[in-house]
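Please open the model in your viewer and keep the selection panel at hand.

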Amino acid sequence: MKFPSTVALLWRWTGDNAFRDEMYDFSVRNLRYVTSQLDADHDGWPEGLGNVERGGMGQEKLDNTVYYIRGLYDLADMAKAKHDGRTFAWANNLARKIRDRFDSTWWYAAASQYADSLVDPGNVQSFQKHWIGQSPMEAELQVNGRTQAGLAPYAHGTTALAGRENDCYSGTPPFSTGLFHTGCGGGANGQGEKVIFGLTTSIQSIGEGNYGRLGAGQQQRYTHALADPMFAEPATGGTPDEQPGAMPEIFPSPDQGANIDRCWTCRSMFMQAWGNYGTAWAVVHQWLGVQPDLGNGRLVVVPQVPQGQPAVSGDRIRLGGGYADVAASVSGSRYTTTIDVQRAVGADKVWIGHTLPRGSRVAQVLLDGHVVTDATTRTTNRGLEVTVPTRAGSHTLVVTTS
């Protein structure tokens, strides 16, 4: 289910149609197989182990469902670009059908969280407080050419994210303040699993970003939790855990000590890439708002400056065959975005924008000093996104609110 999404992600950032075409047939067969062979009761929720890797759960796992929906939309996007109408119609219609039933099936109102699995027969909700409960907020969808941050509706998404920020689900000093594998009293044995993984913390970090929760007590709590073990982990007396500059698979946690103190054959990986997802993706894709769709010749840059800081910037962000520079700032009611996009990036169409707090009222939009009267606004889980079409090159957008 993740394979088609991986292909689509690389295709969007590189514009490499040859790579997409090479991987396309298997992407189609991948999701056809999941649909026909891994959903025994044909209810749209695939059976399988998923990412938790713990016993006692129901047959149908939350993360499998979330990434199945995302994979179908990603396949539909690639199929449309390839003019494969049959595959597009199948994948798009199935994704929409399952998505329409998702929230009513998986939202576990008793805990204001998403159920981690469903028990057959009858799709009985099972809530064991595993980290995959955050996957509906972390997943990003591409629906009919537009980015949609988060599968969960805004009210449920923000409630679920806030609910994981307490001591039951997240660590406290001197340990990393990242997300536990399983919250207090959770799991099949009811004992929880207060072990902080780079993966679990990244999922929470990106979920927070998808819902515009970028502040110090929200997303930045988890980005800092990810960065600390690389340089100065408090739980190890201010020294790096295992290797300076490396982000380990598991951080020093209440239920598991530092890697450096464990036997050679019982340590977690000393460096693992998925922890960097919660920092690099947060900064480049969410704070700086870089949203490439280069397979279709498009680039959207719609930053969101984290609460509590005045600006954010990034230089030489690699896109397609070139680079882009992005800077964004906030000063009172004035929101500014500056971009410099090389033509070598391969974006025939470029949109420059800024993400404002939900409920904002736009008073004026300026592009390169000229008043814009046809700016597009849309409310997403991130906030109010204001965008204006332009082209490759250097541009400055200023949005003023009333």
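Begin with helix 1, which supplies the largest share of the lining of the largest pocket, namely 6 residues. Helices here are DSSP runs of H or I with at least four residues, strands are runs of E with at least two, and both are numbered from the N terminus. The model is a predicted one, in which local features need pLDDT of at least 70 and side-chain atom pairs count only at pLDDT 80 or more, while totals for chains, interfaces and linings use all residues. Residues are numbered from 1 along each chain as its sequence is written, and side-chain values use heavy atoms, with hydrogens and water left out.

**The largest pocket**

Select L9, E140, Q142, W281 and H285, which lie nearest the centre of the largest pocket among its 38 lining residues. The volume of this pocket is about 920 Å³. Its lining consists of 17 nonpolar, 10 polar and 11 charged residues. In these classes, Ala, Val, Leu, Ile, Met, Phe, Trp, Tyr, Cys and Pro count as nonpolar, Asp, Glu, Lys and Arg as charged, and the others, Gly among them, as polar.

Rolling a probe the size of a water molecule over the atoms shows where empty space is left. On a 1 Å grid over the protein atoms alone, a pocket is an open set of points with protein on both sides within 12 Å along at least five of seven lines; a cavity is a set where a 1.4 Å probe fits but cannot get out; lining residues have an atom within 4 Å of a point. Grid points are joined across faces, edges and corners, and a volume is the space filled by probe spheres set on the points.

**The cavity**

Which residues line the largest cavity? Select E140, A149, N210, H285, Q286, Q291 and R382 to display them. The structure holds 1 cavity of 30 Å³ or more, and the space in the largest cavity is about 30 Å³. By class, 1 of its lining residues is nonpolar, 4 are polar and 2 are charged.

Axes are lines fitted to C-alpha atoms, for helices over the stretch in contact, and angles run from 0 to 180 degrees between N-to-C directions. Angles under 35 degrees count as roughly parallel, over 145 as roughly antiparallel, 65 to 115 as roughly perpendicular and the rest as oblique.

The crossing of these two helices, helix 1 and helix 3, is left-handed (the near helix is turned anticlockwise from the far one by less than a right angle; clockwise would be right-handed). Where they meet, the residues of helix 1 include W11 and R12, and those of helix 3 include Y67 and R70; contact means heavy atoms within 4.5 Å. This contact has 7 nonpolar, 2 polar and 5 charged residues.

Next, show helix 2 (residues 17–37), whose axis comes within 9 Å of that of helix 1, with a crossing of roughly 165°. Helix 1 is therefore roughly antiparallel to helix 2. This crossing of helix 1 and helix 2 is also left-handed. F3, P4, V7, L10 and W11 of helix 1 meet residues of helix 2 that include F19, M23 and F26. The contact of helix 1 with helix 2 divides into 9 nonpolar, 3 polar and 1 charged residues.

**Helix 3 and helix 4**

Now select helix 4 (residues 85–106), which packs with helix 3 at an angle of about 150°, the axes being 8 Å apart. Helix 3 is therefore roughly antiparallel to helix 4.

**Stops in the loops**

Finally, which residues does a cis peptide bond join, with omega about -5°? They are D120 and P121, and P121 is found in the loop between strand 4 (117–119) and strand 5 (124–126). The bond from P173 to P174 is likewise cis, with omega near 10°. P174 lies in the loop between helix 6 (154–163) and strand 8 (180–182).
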